[in-house]
Amino acid sequence: MNQKHYLITGATAGIGLATAKQLASEGHNLTIVGRNTQKLQDASVEIARLGNGEVITQRCDSGDMTQITSMAAALQRDGLAYDGIVLNAGIFMPQNFSELSEASFDQTMTVNFKAPLFTLHALLPCLNNPASVVFISSLVVHKAFAGATSYSASKAAFEAAARVLNLELAERGIRINSIRPGVTATEIQRKAGMDEEQIAELSGVMQSTALGRILRPDDMTAAISYLLSDASVGMRNSCLDIDGGFTL
Ligand SMILES: NC(=O)c1ccc[n+]([C@@H]2O[C@H](COP(=O)([O-])OP(=O)(O)OC[C@H]3O[C@@H](n4cnc5c(N)ncnc54)[C@H](OP(=O)(O)O)[C@@H]3O)[C@@H](O)[C@H]2O)c1
C-alpha cells in the first residue's frame, strides 16, 4: 500500500471527520485540524481506531490569520511533509440580501475563502512535489439558494482562485480540484440556526431528488480520496458535483 500523509481542516465534524475516517481506514497518516481542542481530541481517538497510520492533531481557528501562520510554522518545524490537503473547514450563515450585514459577509469570506487560500499559502513549504489539494466547495456555486449570497460568493471565489493556482503551482506538481456537495446532513444546519422543523423540511426536499434522500458525509469521502490519490493525477481544477441529482 502507498501510505501518504494528508492534512484535513475542519476534521472535527461532518464531511471533514468522515473524510479523516475514510483516509485512516485506507492506512494513511493524518494531520487533523480544528478549532476546538476537546472535539479534536475526541475525533483523533475515533479516527486512530480505524487504521494503522499516525493521527496528529493541530488546533487552528481558520478565522485567525495569526493562528494559520503559526500552525504552518509549527508543522514545518516538526518536519512534516504532506502529499495532500483537504480544505474543508467552512461555515454557512444564511441571511436574506435585504438584511445582509457586513459582519456576516466578512466572517463568511474569511472562513470560507481567505482561510483556505492562506492555509494553502502558509503550507506550501510543507507540501511534497507532487501534492494534491481538494477544496470542499458547494452546489451553491451554480445553483441559487435564497439567503446564500455571501456563502455562494465565498465558494465561487476560491474556485476562481484555484484556477490560477493550478497554473502557478504546476511546476511543483501541486494540483487543486474541488467537490461540490449538495445538501448534506451535518452539524452545519444547526450551526446555521435552523430548527428541527426546518431541517426536516430540507430532508423532505431532498427526497424528491434522483437519489431520493438527503446526502450524508460518507457520500463524499470516496471522491475526496480519489482526488487526493495518484489515480486522479490528470485532473486539474475539476469540480465534482455530488448533489444527489438536485439540479437535474
Ligand atoms: N453540509 C452541507 O450541506 C454542505 C453542502 C455543501 C458544502 N458544504 C461544505 O462542506 C464543508 C464541511 O461542512 P459540514 O457540512 O461538514 O459542516 P460541519 O459539520 O459544521 O463541519 C464543519 C467543520 O469546519 C470547522 N470549522 C468551522 N469554522 C471554523 C473555524 N473558524 N476554524 C476552524 N474550523 C472551523 C468545524 O469546526 P467545529 O466542529 O469546531 O464547529 C467543523 O470541523 C464546509 O466547507 C461546507 O461549506 C457543506
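This is a predicted model: local features need pLDDT of at least 70, side-chain atom pairs count only at pLDDT 80 or more; totals for chains, interfaces and linings use all residues.
How do the residues of the lining of the second largest cavity divide into nonpolar, polar and charged?

**View 1. An open sheet of seven strands with parallel pairing.** The strand order is E3-E2-E1-E4-E5-E6-E7. Strand E3 (55-59) and strand E7 (239-242) stand at the edges with a single partner strand each, so one side of each is left without a neighbour in the sheet. On average, and with direction ignored, neighbouring strands are turned by 20° against each other. Strand E1 (residues 5-9) and strand E4 (residues 82-87) run parallel and are joined by three bridges. In this pair, leucine 7 stands opposite isoleucine 85 of E4.

**View 2. Helices H5 and H8 against the sheet.** Helix H5 (residues 149-168) packs on the sheet and touches E4, strand E5 (127-136), strand E6 (174-181) and E7. The direction of H5 makes about 155° with that of E6. Helix H8 (residues 218-228) lies across E1, E4, E5, E6 and E7. Relative to E6, H8 runs at about 165°.

**View 3. Strand E6 and the strands paired with it.** Eight of the eight residues of E6 are buried, so this strand is largely enclosed by the rest of the structure. In a regular strand, side chains alternate between the two faces of the sheet. On one side of E6 are Ile174, Ile176, Ser178 and Arg180, and on the other are Arg175, Asn177, Ile179 and Pro181; all are buried. E6 pairs with E5 in the parallel sense over six bridges, and alanine 131 stands opposite isoleucine 174 of E6. Four bridges join E6 to E7, also in parallel, with proline 181 opposite isoleucine 242 of E7.

**View 4. Backbone details at proline 130 and asparagine 237.** The peptide bond from asparagine 129 to proline 130 is cis, with omega near 10°. Proline 130 lies in strand E5. Asparagine 237, in the loop between H8 and E7, has a positive phi of about 60° although it is not a glycine. Its relative accessibility is 17%, so asparagine 237 counts as buried, the limit being under 20%.

**View 5. The largest pocket, with a volume of about 1,300 Å³.** Its lining is made up of 49 residues, and Ile91, Phe92, Tyr151, Ile188 and Gln189 lie nearest the centre. Helix H1 (14-25), strand E2 (29-34), helix H4 (102-123), H5, helix H6 (188-191) and helix H7 (196-206) are the elements that give two or more residues to this lining. H7 gives the most, with four residues. The lining divides into 23 nonpolar, 19 polar and seven charged residues.

**View 6. The largest cavity, with a volume of about 70 Å³.** It is one of two cavities of 30 Å³ or more. Residues lining the largest cavity include Thr9, Cys60, Met71, Leu87, Val111 and Thr119. Helix H3 (65-77) and H4 each supply at least two residues, and the largest share, four residues, comes from H4. Eight lining residues are nonpolar, three are polar and none is charged.

**View 7. The second largest cavity, holding about 40 Å³ of space.** Among the residues lining this cavity are Phe92, Met93, Leu100, Ser104, Gly147 and Tyr151. H5 gives the most to the lining, with three residues. To return to the opening question, the lining of this cavity divides into five nonpolar, five polar and no charged residues.

Notes
Residues are numbered from 1 along each chain as its sequence is written. Side-chain values use heavy atoms; hydrogens and water are left out. Two strands pair if DSSP finds at least two bridges between them. Axes are lines fitted to C-alpha atoms, for helices over the stretch in contact, and angles run from 0 to 180 degrees between N-to-C directions. Contact means heavy atoms within 4.5 Å. On a 1 Å grid over the protein atoms alone, a cavity is a set of points where a 1.4 Å probe fits but cannot get out, and a pocket is an open set with protein on both sides within 12 Å along at least five of seven lines; lining residues have an atom within 4 Å of a point. Grid points are joined across faces, edges and corners, and a volume is the space filled by probe spheres set on the points. Ala, Val, Leu, Ile, Met, Phe, Trp, Tyr, Cys and Pro count as nonpolar, Asp, Glu, Lys and Arg as charged, and the others, Gly among them, as polar. Buried means under 20% relative accessible area, exposed over 50%, partly exposed in between (1.4 Å probe, protein chains only).
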